Structures are given as C-alpha cells and as structure tokens.
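Work through these exercises with the sequence and the 3D view side by side. Try each task before reading its solution.

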Amino acid sequence: MSEENIIEAHAVTDANITYRQRYFWGIPIFIVIGWIKTKYVSIFSVEHEGHRLVVLYDGICPVARDDRLHITGIMDHGGNAGICGMVMVAYRIENMDTGDVYEKN
C-alpha cells in the first residue's frame, strides 16, 4: 500500500480544472438510453525538492501560480494519467496564502 506524503510547496502553474467522464450507465435498445457519470479534476504543478511535481486532485481546487500549499496525498505512477514519472494524488490541499482548505472524504 502507498504511504501518505505531506509536502509544502509553491505552485508553479495555475490549476487546470477539467470535466472528466468516469463511466456510462445505459441500456442499448434501438437507441441508447442512459447517462454519463462525470466529475471534476484539478491538475497543477508544484516545485518540490528541486523538481516539478504534478498534483492531481479529484474535485475543484482553484490554485494560482506562486501560492504556498500544504498538500497531503499519495505518490503514484503517472502512467494512468498520461504522465511520465511520479505524480501526487492529493486528497487534502491547504492554500496558506488564502486560507482555503480542500479535502476529499
């Protein structure tokens, strides 16, 4: 099992918030009847230990460049997201400049 990591870093980029499809529920008859389950994902980069680190957060997390962040999450391989190298999948982000806290339960 992956180990929880806590880092403090400065944001290098603004957060890019995307609307991603997760799965489809439906019944294929002559036409398809159903719906698509979607969610928001926030993606941004931080400067960590002299390198850039991509942070993924499942939800809306507006981060601006040069914000000081306190991030809690797990390190994972970025292959599933199309990123070569390691990424941090965050579940708690605290913006030290604005005082905002984003947390997934």
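**Exercise 1.** Leaving aside neighbours within four places in sequence, which residues is Gly59 in contact with?

*Solution.* The model is predicted.
- Step 1: Find Gly59 in the loop between β4 (51-57) and β5 (68-77).
- Step 2: Skip the neighbours within four places in sequence; Gly59 is then in contact with Tyr40, Val41 and Ser42.
- Step 3: Gly59 and Tyr19 are 40 residues apart along the chain, and their C-alpha atoms are separated by 9.4 Å.

**Exercise 2.** Decide whether Gly59 and Ser42 are buried or exposed.

*Solution.* 
- Step 1: Take the cut-off: buried means under 20% relative accessible area.
- Step 2: Gly59 has 12% relative accessibility, so Gly59 counts as buried.
- Step 3: Ser42 has 0% relative accessibility, so Ser42 counts as buried too.

**Exercise 3.** Describe the surroundings of Ser42 and the polar contacts of its side chain.

*Solution.* 
- Step 1: List contacts, leaving aside neighbours within four places in sequence. Among them are Asn16, Ile17, Val55 and Leu56. Tyr57, Gly59, Ile60 and Cys61 are also in contact with Ser42.
- Step 2: Turn to the side chain of Ser42. One of its polar atoms lies 2.6 Å from the backbone oxygen of Gly59.
- Step 3: The Ser42 side chain also reaches the backbone nitrogen of Cys61, at 2.9 Å.

How values were computed
Residues numbered from 1 in each chain as written. Predicted model: local features only at pLDDT ≥ 70, side-chain atom pairs only at ≥ 80, totals over all residues. Heavy atoms only, no water. Helix = DSSP H or I, 4+ residues; strand = E, 2+ residues; numbered from the N terminus. Buried < 20%, exposed > 50% of the residue type's maximum accessible area, 1.4 Å probe, protein only. Contact = heavy atoms within 4.5 Å. Polar contact = N/O pair within 3.5 Å; in protein donor to acceptor, adjacent residues only side chain to side chain.
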